[in-house]
Amino acid sequence: MSFPLPPGLPQMPLAMASPGTECEVRQLRGGGDFERRMLAMGLGPGRRLRVSQREGGQMVVIVGETRLALGRGIAQKILVAAVG
């Protein structure tokens, strides 16, 4: 289930955001290796992104000029808040 995230809503997993939603990364919930990998991909706290596509358990997000494909497990560990 996905839905637009209204601005001001507390943080929630990226996996719940629907296409077109603009978000800000608030927290990474994973071990040190996970956090290092996400930071290397440009997905750190304070970074803004837009959900481009969502099909099944996969999603594509746009971070700056880069498109990233994420699986549901990873998207569940990235907590975001909508920006508006």
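**Tour of the sheet and its core**

Start with β2 (22-28) and β6 (78-82): these strands pair in the antiparallel sense over five bridges. Strands here are DSSP runs of E with at least two residues, helices are runs of H or I with at least four residues, both numbered from the N terminus, and two strands pair if DSSP finds at least two bridges between them. The model is predicted: local features need pLDDT of at least 70, side-chain atom pairs count only at pLDDT 80 or more, and totals for chains, interfaces and linings use all residues. Residues are numbered from 1 along each chain as its sequence is written, and side-chain values use heavy atoms, with hydrogens and water left out.

Pro13 belongs to β1 (12-13), which is joined to β6 by two antiparallel bridges; Met12 stands opposite Val80.

Now show the whole sheet. It is open, with six antiparallel strands in the order β1-β6-β2-β3-β4-β5. β1 and β5 (66-71) are the edges; each has a single partner strand, so one side of each lacks a neighbour in the sheet.

Finally, select Leu14. Its contacts (heavy atoms within 4.5 Å) beyond four places in sequence include Leu49, Val61, Ile78 and Val80. In the largest nonpolar core, which has 19 residues, Leu14, Leu43, Leu49, Val61 and Ile78 touch the most other members. Such a core is a set of buried Ala, Val, Leu, Ile, Met, Phe, Trp, Tyr and Cys residues joined through side-chain atoms within 4.5 Å.

Terms used:
Buried means under 20% relative accessible area, exposed over 50%, partly exposed in between (1.4 Å probe, protein chains only).
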